[in-house]
Amino acid sequence: MKFTTAVACLSLGLAGAWAQAQTYPTKPVHMVVPFVPGGGNDLVGRVIAARLTQSLGQSFLVENRGGANGFIGAKAVADAAPDGYTILMGPSGPMAISPAIYSKMPYSPTKDFVPVTMIGDFPLILVVSASNPARSVAELVAYAKANAAQINYGSTAATFQLTSELFKLRTNTKFEEILYKGSNEMAAAVMTDQVTIAFVDPPPAIGMLKSGRIRGLAVTGAHRHPFWPDVPTMAEAGIPDMEVKIWMGLFLPVGSSQAIVQRIYQEVAKGVNDPQVREKLSGLGIEPVGNSPEEFAKFFAADSARWALVAKTANIKAD
């Protein structure tokens, strides 16, 4: 009898979760972007929020909570009720890269969150100002070594810091870090010669590169980016072991209903395969993905391990 009762309760619980998922959402949902407006994560988050608003019939409101390398926004979601109404637009920086270089964080990416789906990924592009004399990575390295006391790099979070520090190691240069609140500010700082270089995500760099206000020297992907077919990869530019692809995905607080996880995943997967959404994401330099929670969790674990190995090998720590 006890077994029968337990099975009945489990069946009722599953039925309740299924029913909850079918009616979800019944009120506005907050999508937290852990960076300031205008950067790549913000722009992509708004594309996805607009699609979910359309497909699910409730407002998905983008809430920018920038600062502290993305920690503030991520912590806010980790502390939120696991009811599906607070979602993290989680970039690889605060979720997979920061744990590799910070010994203490206000949240655990693996223990405090449930992976939902990866939205997409993209390489970074190494940029200098239009007035910089360097027109190739080799010329930049020579310039950096000749002006070691005057050069620096822009950074907004662990992603950009670790990539820049790897570049220093691979080229034996000594750039100093200058921290900015967001990628758009960082790209603007390169344009106005406040910093010598930056590894920038595509969205805030597109307009400046097109207008010639900044110059792209290399991309960190395995292949050339379709936006900039004339810009070589880091490997083509003579810098080995510098392949970096950044991703962004959705996470819910741990304890969230798997039925709601599946509901959001399915809608995002349909969304990123919609021609209009794909066009918007591709226009931001993003390769759409939309994988399952299980696939995303497996990738997330592998990418976190990769960055931990990179940081250990390069002996890079942020605290």
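Analyst: Two strands pair if DSSP finds at least two bridges between them. Helices (H or I, at least four residues) and strands (E, at least two) are DSSP runs, numbered from the N terminus. Strands of a sheet pair through backbone hydrogen bonds, either parallel or antiparallel. Here strand β1 (residues 29-33) pairs with β3 in the parallel sense, over three bridges. Within that pairing, methionine 31 stands opposite isoleucine 87 in β3.
This is a predicted model: local features need pLDDT of at least 70, side-chain atom pairs count only at pLDDT 80 or more, and totals for chains, interfaces and linings use all residues. Residues are numbered from 1 along each chain as its sequence is written, and side-chain values use heavy atoms, with hydrogens and water left out.

User: In what order do the six strands of the open sheet run?

Analyst: The order is β2-β1-β3-β10-β4-β11, and the pairing is mixed. β2 (60-64) and β11 stand at the edges with a single partner strand each, so one side of each has no neighbour in the sheet.

User: Over how many bridges does β10 pair with β3 and with β4?

Analyst: Strand β3 (residues 86-91) pairs with β10 in the antiparallel sense over four bridges. There, glycine 90 stands opposite glycine 249 in β10. β4 and β10 are also antiparallel, over nine bridges. Phenylalanine 113 stands opposite proline 253 in β10.

User: How do I read an aromatic pair?

Analyst: A pair of aromatic rings is described by the distance of the centres and the angle of the planes. Rings of Phe, Tyr and Trp (its six-membered ring) pair if their centres lie within 6.5 Å; planes under 30 degrees apart count as stacked, over 60 as edge-to-face and the rest as tilted. This structure holds 15 aromatic pairs. The rings of tryptophan 247 and phenylalanine 299 have centres 6.0 Å apart and planes at 75°, so the pair is edge-to-face. It links distant parts of the chain, 52 residues apart: tryptophan 247 is in strand β10 (residues 245-253) and phenylalanine 299 is in helix α11 (residues 293-314). Phenylalanine 299 is partly exposed, at 32% relative accessible area.

User: What class is the pair of phenylalanine 296 and phenylalanine 300?

Analyst: The ring centres of phenylalanine 296 and phenylalanine 300 are 6.4 Å apart and the planes are at 35°, so this pair is tilted. Phenylalanine 296 and phenylalanine 300 are four residues apart in helix α11, so about one helical turn separates them. Both phenylalanine 296 and phenylalanine 300 are buried. Ring pairs also build a cluster, whose members include Phe71, Tyr102, Tyr107 and Phe113 along with Trp247 and Phe299.

User: Which rings have the charged end of lysine 27 or arginine 306 over them?

Analyst: A charge sits over a ring if NZ of Lys or CZ of Arg is within 6 Å of the ring centre and within 35 degrees of the ring normal. The charged end of lysine 27 sits over the ring of tyrosine 85, 4.8 Å from its centre. That of arginine 306 sits over the ring of tryptophan 307, 4.9 Å from its centre.

User: Now empty space. How is the largest pocket read?

Analyst: Rolling a probe the size of a water molecule over the atoms shows where empty space is left. On a 1 Å grid over the protein atoms alone, a cavity is a set of points where a 1.4 Å probe fits but cannot get out, and a pocket is an open set with protein on both sides within 12 Å along at least five of seven lines; lining residues have an atom within 4 Å of a point. Grid points are joined across faces, edges and corners, and a volume is the space filled by probe spheres set on the points. The largest pocket has a volume of about 260 Å³. Of its 17 lining residues, the closest to the centre are Pro123, His225, Pro226, Lys245 and Glu287. β4 gives the most to this lining, with three residues.

User: And the largest cavity: what is its volume?

Analyst: The volume of the largest cavity is about 130 Å³. Among its 16 lining residues, Phe35, Asn41, Thr156, Phe160 and Ser183 are the closest to the centre. α2 (40-56), α4 (92-101) and α6 (158-171) are the elements that give two or more residues to this lining.

Methods
Buried means under 20% relative accessible area, exposed over 50%, partly exposed in between (1.4 Å probe, protein chains only).
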